Amino acid sequence: MANVSIDNVAKFYGSHKVIHGIDIDIADGEFVTLVGPSGCGKSTLLRMIAGLEEISDGDIRIGDRVVNDVPPKERDIAMVFQNYALYPHMTVAQNMGFALKLKGESRATIDARVREAAAILALEPYLDRLPKQLSGGQRQRVAMGRAIVRSPQVFLFDEPLSNLDAKLRVQMRAEIKDLHRRLGTTTVYVTHDQIEAMTMADRIVVMKGGVVEQIGRPLELYDRPANLFVATFIGSPAMNLLTGRAGQGGFVTGDGVVLPLPATAAAGATTYGIRPEHLTLDETGFRAEVVVIEPTGAETQVLARCGGQTLVAVLRERVELNPGDIIGLKPDLSAVHLFGEDGRRL
């Protein structure tokens, strides 16, 4: 195992800069997720760690070694791809042991390492099958097994669950997290799915346009987003953001709706943020018109219109509401987020 240090790393394609001087320090044994919308540079950064993309500027260290010019096969990393990348003519056992065969390991060593990884991933019944005889989840386990048998210093995952259905994704998230707990290998995991990032990572790196917007533990980012982008990207449903201006009597939206402010609210706020679960039905709250009701069983999501702006409330209780109803919504003042004109949290 090893730490990974990304020091002022940049990436150019010709004159186009896609990674803008990123600094990230990943501790030995840590699980770090790179998250952001498509095109934000997260996969490019992962591929630079792997050696599959050249580094235009800055340094990447794995352990104490700068690896900028080190070939991928000599970096002691193992990468799990989105599309599994299995050899279709090889059995599961052959796929998992292929990298060890290329290194010249003995048959006994390969068999032992493959069976050990297969036991961890519950793949023993499938070792003699071809990839086409496996489900998507089983193929992803084989790809993970191929990485495990190499005993690398660092695991790299590039959106490994995006081809799986929703139920299987939830299962595989838990399996990858449990695998990391057992092996303790430093892991860098790329995803565009913030739920994956929140549930799996020790720390999350939120990226946008080749820039790091914020780094922190999942609940730190959820509770104290640094700016409007992080506030809307982390959390599902997304944080409600209402524009207006903070004044003496509260936060007044452009439509004249007055929202209550915490007693210690900072001056100069132009955006009022409140997460859907921090709104409750209360006749003393501000008025909103129901647009859509979405019962999910455990909770009810209510899309409502407040003046000319929309917001979502997540209600734990079951409610009898209809589109067009006027309701009162009361925000938890301890959970209000205020942002300035520059989009940064106040």
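**Figure 1. D178 and R182 pair within helix α5 of the predicted model.** At 28% relative accessibility, D178 counts as partly exposed. R182 also falls in the partly exposed class, with a relative accessibility of 45%. The two residues form a salt bridge in which the closest N and O atoms are 3.2 Å apart. They sit four residues apart in helix α5, so about one helical turn separates them. An α-helix has 3.6 residues a turn, so residues three or four places apart point the same way.

**Figure 2. R169 of helix α5 meets E196 of helix α6.** R169 belongs to helix α5, which covers residues 166–183. Its relative accessible area is 15%, so R169 is classed as buried. The side chains of R169 and E196 meet in a salt bridge with an N to O distance of 2.7 Å. Because E196 lies in helix α6 (residues 194–200), the pair ties together parts that are 27 residues apart in sequence. Both partners, R169 and E196, are buried. The side chain of R169 also makes a polar contact of 3.2 Å with the side chain of D193. Leaving aside residues up to four places away in sequence, R169 touches L161, S162, L164, D193 and E196.

**Figure 3. R305 and E289 pair between two strands.** The side chains of R305 and E289 form a salt bridge, 4.0 Å from N to O. R305 is in strand β16 (residues 300–306) and E289 in strand β15 (residues 279–295), and the two residues are 16 apart in the chain. R305 is partly exposed, with a relative accessible area of 36%. E289 is likewise partly exposed, at 32%. The salt-bridge count comes to twelve. Elsewhere, K11, R47 and E53 are linked in a network of salt bridges.

**Figure 4. E30 lies in the loop between β2 and β3.** Strand β2 covers residues 16–26 and strand β3 covers residues 31–35. E30 has 11% relative accessibility and therefore counts as buried. A polar atom of the E30 side chain lies 2.9 Å from the backbone nitrogen of A27. Not counting residues up to four places away in sequence, E30 touches D25, H180, T185, T186, T187, D202 and R203.

**Figure 5. Helices α1 and α2 and the glycines that follow them.** Helix α1 (residues 42–50) is mostly covered, with seven of its nine residues buried. These buried residues are K42, T44, L45, L46, M48, I49 and A50. Just after α1, G51 takes a positive phi of about 90°. In helix α2 (residues 92–102), the buried residues are V92, N95, M96, G97, A99 and L100. Among the elements covering them are α3 (107–120) and α4 (136–148).

**Figure 6. I274 is a buried residue of strand β14.** Strand β14 runs over residues 271–274. With a relative accessibility of 1%, I274 is classed as buried. Beyond residues up to four places away in sequence, I274 touches M239, N240, L279, P331, D332, A335 and V336. The C-alpha atoms of I274 and A27 are separated by 33 Å, and the two residues are 247 apart along the chain.

**Figure 7. The contact between domain 1 and domain 2.** The protein chain is divided into domain 1 (4–229) and domain 2 (237–339). Six residues of domain 1 and seven residues of domain 2 take part in the contact. The C-alpha centres of the two domains lie 39 Å apart. Together the domains bury about 530 Å², 62% of it on carbon and sulfur atoms. Y222, P225 and L228 supply 85% of the area that domain 1 buries against domain 2, more than any other three residues. Helix α7 (residues 218–223) contributes three residues, the largest share of the side of domain 1 that touches domain 2. By residue class, that side divides into four nonpolar, one polar and one charged.

Conventions:
Residues are numbered from 1 along each chain as its sequence is written. This is a predicted model: local features need pLDDT of at least 70, side-chain atom pairs count only at pLDDT 80 or more; totals for chains, interfaces and linings use all residues. Side-chain values use heavy atoms; hydrogens and water are left out. Domain bounds come from an automatic or database domain assignment. Contact means heavy atoms within 4.5 Å. Buried area is the accessible area (1.4 Å probe) that two parts lose on being put together, summed over both. Ala, Val, Leu, Ile, Met, Phe, Trp, Tyr, Cys and Pro count as nonpolar, Asp, Glu, Lys and Arg as charged, and the others, Gly among them, as polar. Buried means under 20% relative accessible area, exposed over 50%, partly exposed in between (1.4 Å probe, protein chains only). A polar contact is a pair of N or O atoms within 3.5 Å; within protein, one must be able to donate a hydrogen and the other to accept it, and residues adjacent in sequence count only if both atoms are side-chain atoms.
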